[in-house]
Amino acid sequence: MAWALKLPLADEVIESGLVQDFDASLSGIGQELGAGAYSMSDVLALPIFKQEESNLPPESDNKILPFQYVLCAATSPAVKLHDETLTYLNQGQSYEIRMLDNRKMEELPEINGKMVKSIIRVVFHDRRLQYTEHQQLEGWRWNRPGDRILDLDIPMSVGVVDPRANPTQLNTVEFLWDPSTRTSVFIQVHCISTEFTMRKHGGEKGVPFRIQIDTFKENEAGEYTEHLHSASCQVKVFKPKGADRKQKTDREKMEKRAPQEKEKYQPSYETTILTECSPWPEITYVNNSPSPGFNSSQNSFPVIEGNGSPTLQPEPVAQLADLSSHLFRRESESNQNLLPTATPQEAQQWLHRNRFSPFCRLFSNFSGADLLKLTREDVIQICGPADGIRLFNALKGRVVRPRLTIYVCQESQQTREQHQKHENGDGSSNTFFVYHAIYLEELTAVELTEKLAQLFSISPSQISQIFKQGPTGIHVLVSDEMIQNFQDEMCFVLDTMKAETNDGYHIILK
């Protein structure tokens, strides 16, 4: 049975008009959204999209960076979209940072086959703490004597060359690496985020840190000061196992959120990619002071025409006094005893010079007076028997008596005249000659050559032979056996003679 509704004529006319208007509306929608009429470029040309497009980075900003650093730690899932990632770390745990080379074939050819230097530092994320970084770090050093904020786990690292950790920069490490080889560096962060909060009543939020890596290439002078790339990421550091618990808590919170809310947050990634940033503002990135070693620009023997002696100053005492002060400065750099007035920084340098670098962390806050107050038992308990005894002897300035000591004086024209006057009985009573002590342990001619070369500030290769003046003025070649028969504390006057075969010199002991 079919039902039919009979409408009046007037109502039919109205209904017909409404249907036609509705069809026309549908037809308009079809023309606007149809395949032939729809254009994304027209949509993007609207004013609202033009305004957003101006905020996008230009294509030049999307270039492939020469290096990429990947921290092997998961990012937090509780970070909103378009916010910077946040990574949780455990205090003292070793985390890998992979140093990747992303260069194209023709990019930065000047570093092919060469090392680059990277500096890793842990700094504050908050601007307020950045302004007071020095005071914050000094306070941390006072509360945690002997500890560092950032360390390298060298045994686990791969491809790392010449790693260094400055004792005065607790939050910085540096090393060399070859971009063409696999390089992974393992770092340990020893401070936790809550150590720098204003109020510490429990349950407070810790301050975020930044791990930043700055990479430099070598300049013409051999110093790594030309900046190549910098990148950083945001981290928070918890007590051991605390980062795992925090990551689990964030994950459980996100699972309880509605699907619409989850879309507002980033997913958790297994690794953290450091994003490009400006280089860390510092006056000098690396320590450009020359390393201890032989200086090729040392003075050599200038020759006086007419005789074979080196050029000497008119006053022999002044000449030898200058030489003595030069040698004293050189010896003091390596053999100077630790003074009670030494600052903690000077004490750290003394430990490095005397091969106690592994214990610099333990004594980072110790001044010279603090170290000298330690008893033998204290040092052995801290450093162990072998290194403890060695450190105790070095602190007390105990030296081993050399097997042989000789005294030498450099001969000049005026020295000869003074000697002649003394022999004739005409010398004044206030005339004196400056001698230098040479200490021998091996009692060999090679060792004596090296000691004399150090005295003259020349290379040992410039000394051809050493002779001893014998009876009737003969020249006897100095051998190991002759040195072993020297009497202790013998005195010699040194004369020099130009070698005939090369540019070297013969030294004569008179």
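In helix 6, the residues Gly 242, Ala 243, Gln 247, Asp 250 and Met 254 are buried, where buried means under 20% relative accessible area, exposed means over 50%, and partly exposed lies in between (1.4 Å probe, protein chains only). These residues sit on the same side of helix 6 because they cover an arc of only 135° around the axis, the arc being that of the directions from the helix axis to the C-beta atoms. The structure is a predicted model, in which local features need pLDDT of at least 70 and side-chain atom pairs count only at pLDDT 80 or more, while totals for chains, interfaces and linings use all residues. Residues are numbered from 1 along each chain as its sequence is written, and side-chain values use heavy atoms, with hydrogens and water left out.

Helices (H or I, at least four residues) and strands (E, at least two) are DSSP runs, numbered from the N terminus. Helix 6 comprises residues 242–256, 15 residues in total, and spans 22 Å from its first C-alpha to its last, close to the 21 Å expected at 1.5 Å a residue. The expected span is 1.5 Å times one less than the number of residues. Strand 2, strand 10 and helix 7 (259–262) are among the elements that cover the buried residues of helix 6. Arg 245, Glu 255 and Lys 256 are exposed and lie on the face of helix 6 turned away from its buried side.

Strand 10 (residues 224–238) is largely enclosed by the rest of the structure, because 11 of its 15 residues are buried. Two strands pair if DSSP finds at least two bridges between them. Strand 10 runs parallel to strand 2 (residues 86–90), to which 5 bridges join it; within this pairing, Thr 87 stands opposite Val 235. With strand 9 (residues 209–218), strand 10 pairs in the antiparallel sense over 10 bridges, and Phe 216 has His 227 of strand 10 as its bridge partner. The hairpin of strand 9 and strand 10 has 5 residues between the strands, and Gly 222 takes a positive phi near 80° there. Strand 10 is also joined by 2 bridges to strand 12 (residues 275–276), in an antiparallel arrangement; here Ser 232 is partnered by Thr 275.

A further open sheet has 5 strands in the order 5-8-3-1-11, with antiparallel pairing. Its edge strands are strand 5 (150–152) and strand 11 (272–273), each of which pairs on one side only. Strand 5 is joined to the antiparallel strand 8 (residues 183–189) by 3 bridges, and Leu 152 has Ile 187 in strand 8 as its bridge partner.

The structure holds 16 salt bridges, a salt bridge being a side-chain nitrogen of Lys or Arg within 4 Å of a carboxyl oxygen of Asp or Glu. One of them links Glu 138 and Arg 141 (3.5 Å, N to O). Both residues lie in helix 5 (residues 133–143), 3 residues apart, about one turn of the helix. Glu 138 is partly exposed at 34% relative accessible area, whereas Arg 141 is buried at 9%. Arg 144 meets Asp 147 in a salt bridge (3.1 Å, N to O) and Glu 195 in another (3.0 Å, N to O). Arg 144 counts as buried at 18% relative accessibility, while Glu 195 counts as partly exposed at 23%.

Leu 391 is located in helix 12 (residues 385–395) and counts as buried, because its relative accessibility is 1%. Beyond its neighbours within four places in sequence, Leu 391 is in contact with Trp 350, Leu 351, Phe 356, Phe 363, Val 379 and Cys 383, contact meaning heavy atoms within 4.5 Å.

Ser 457 is buried at 9% relative accessible area, whereas Thr 472 is exposed at 80%.
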